[in-house]
Amino acid sequence: MEAPARTTDVRPVAARLQRLVIRDFRNLADVTLVVPPGGLALVGDNGHGKTNLLEAVYYLHLFRSLRGARDVELVRFGATTFHIGAEAAGARRDRLSVGFEKETGRRRILLDGVPCPRVSDALGALPSVAFSPADVALVAGGPGGRRHWLDVTLASTSARYLGSLRDYRAALSQRNAALRARSRSSPPAVWEPAMAEHGAALRLARAEFIDWARPRVTESGMSLGERGLVEARYRCGDPLLPGATLDDAREAIAATLAAGRDRDLERGSTLQGPHRDDIEIRLDGVSLRRYGSAGQQRTAAIALRLLECAWYRERGGTEPVLLLDDPVAELDRGRAARVLAAITAREGGQVLLAVPRADDIPAALTALPRFRVRDGTISPWSDADA
Amino acid sequence: MSAIDDLAAELAKLPGIGKKTAMRLTYHLLKQPSDRSLRLAQALEVLAERVHPCPRCHNLTEQDLCAICSDPRRDASVICAVEEASDIWAIERSGEYRGVYHVLGGRLSPLDGVSASDLTVNHLVERVAAGEVREVIMATNPSVEGEATALLVQQALGAAPVRVSRIARGLPMGGDLEYADGVTIAQALVARRDMVQDSR
Ligand SMILES: [Zn+2]
């Protein structure tokens, strides 16, 4: 496979949030915030709304909750709709707006004032990457979280990937329903060609991503101070040989599905396929998920987030906004310092940092203008807050 | 419930019409001369009472057989299978097709409880077995469900000595036939491909 062209001489444009307006999102009733070019630091106790603000900004990337909540759960208690609006520079759009009405379940996305009925066209409108201590689950948790991360990252830069993902999932749910129907007039086999076709596209894109990622993960591991060799491997149900084509991948999936049909019928579910693939992160050949220390797992999770940034920068052409939710909480000092150095190494990217106390602002980010978050309101920092 | 609310509620059940539009239409009907509203009511009544599926192809008609099945100039040896009767209108618009049709009455979707027995697949197999059919063109939508439906029909026709073809994917994936323009549909028909019997 050909190496992607190095683009060090072409500096990607940094996406910058300039103005943010939030209404009735989580506990944020009414927030209007002018965001400085370099970003800002939000200081406030847990539960007062700083993570909610980061979640609102991330919503303009994925148009889904960062924490996996449903849209109805995002509407402030007692309110009927939520709204997030932003003015941005360097992103694909200058003005973004999304509103959701609880009663009708209707969502309206406006990009530069034009309605965008399909969320697939809005994805990554304001690219951002969120770092949080909960990311450790990416490494320590089950394969579902890693697959979701991989799918979101790839779909954010490729409408084709998103389309394949949607069609693969549609065919998979139909096959599962057919397996459970156990009826001669609803054969599961007719869903398999679509699963094979779209699943093959997913697998080739994933394999290409891992090839791209492999040296970067190792490099990140070193700069984050891991003494051993950190590696990322694609664990694909039907391993792809080097140079495998779309046809090869499709035939492999079709054969696996056909061979597993009787067992799947018994279990009422499709037990093999691209929806079960995983990424394995290893340190010196040993799975970090199973055998890594908490610190190693945190570090590896941060390496995955840095990878996400690099992907948007190199493939999407845009330096994403960084949303840092107490990024080095619970890390020892040496790790914390290296992590922050790695995160802030990128030039010119905007950073939105959220920490409980001003003392928690890392030295590298003390220049960020500070804001106080209290009971869902945001106000500029005053010396009385110190 | 008032008569106004009643009508608005009924209109709002139509596809693409929200509560606001339903209200606006209701008030529009009230403003126009009453004989025009009555003509609309009569047209709806006739529609509901007289229009029925054609016993041969399940197209909608007021006659014993639909206009296409009863037209001697149509080539009855080629059957184009579509999901809905409204798809016939879309293909007719292309002006290229001279065969007859078979309306399947939907698409396979076990998630929604729709299986082959809810569609007119068996009737299509009978039509092919009974007559001089050379070719069945599968013109279900290019969606995941449309493709599976095409495959299902192809497998059901497996034993019959008939060519089964699939319209080309000139249409955007997930795009409905109903919304494609005539030229696109004509191209998709011309570029149709044989569906190959899967041995697995
Ligand atoms: Zn007819």
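Predicted model: local features only at pLDDT ≥ 70, side-chain atom pairs only at ≥ 80, totals over all residues.
In chain A, six strands come together in an open sheet, and reading across it gives the order S9-S14-S15-S4-S16-S17, with pairing that is mixed. The edges are held by strand S9 (128-131) and strand S17 (377-380) of chain A, each of which has a single partner strand, so one side of each is left without a neighbour in the sheet. From one strand to the next, the twist averages 20°.

One of the pairings in chain A joins strand S4, residues 39-43, to strand S16, residues 370-374, and these two run in the parallel sense over three bridges. Within this pairing, Leu42(A) has Phe371(A) of S16(A) as its bridge partner.

## A helix on the sheet

Helix H1 of chain A, which covers residues 50-62, packs on the sheet and touches S4, S9, strand S14 (321-325), strand S15 (351-355) and S16 of chain A. The direction of helix H1 makes about 150° with that of S14(A).

## Where the chains meet

The contact between the chains draws 17 residues from chain A and 15 residues from chain B. On the side of chain B that touches chain A, the residues divide into nine nonpolar, three polar and three charged.

## The domains of chain B

For chain B, the domain assignment gives domain 1, spanning 3-50, and domain 2, spanning 60-194. The C-alpha centres of domain 1 and domain 2 of chain B lie 33 Å apart.

Key: Residues numbered from 1 in each chain as written. Chains lettered and ligands numbered in written order. Pairing = 2+ DSSP bridges. Helix = DSSP H or I, 4+ residues; strand = E, 2+ residues; numbered from the N terminus. Axes fitted to C-alpha atoms, helices over the stretch in contact; angles between N-to-C directions. Contact = placed C-beta atoms within 7 Å. Nonpolar A, V, L, I, M, F, W, Y, C, P; charged D, E, K, R; others polar. Domains from an automatic or database assignment.
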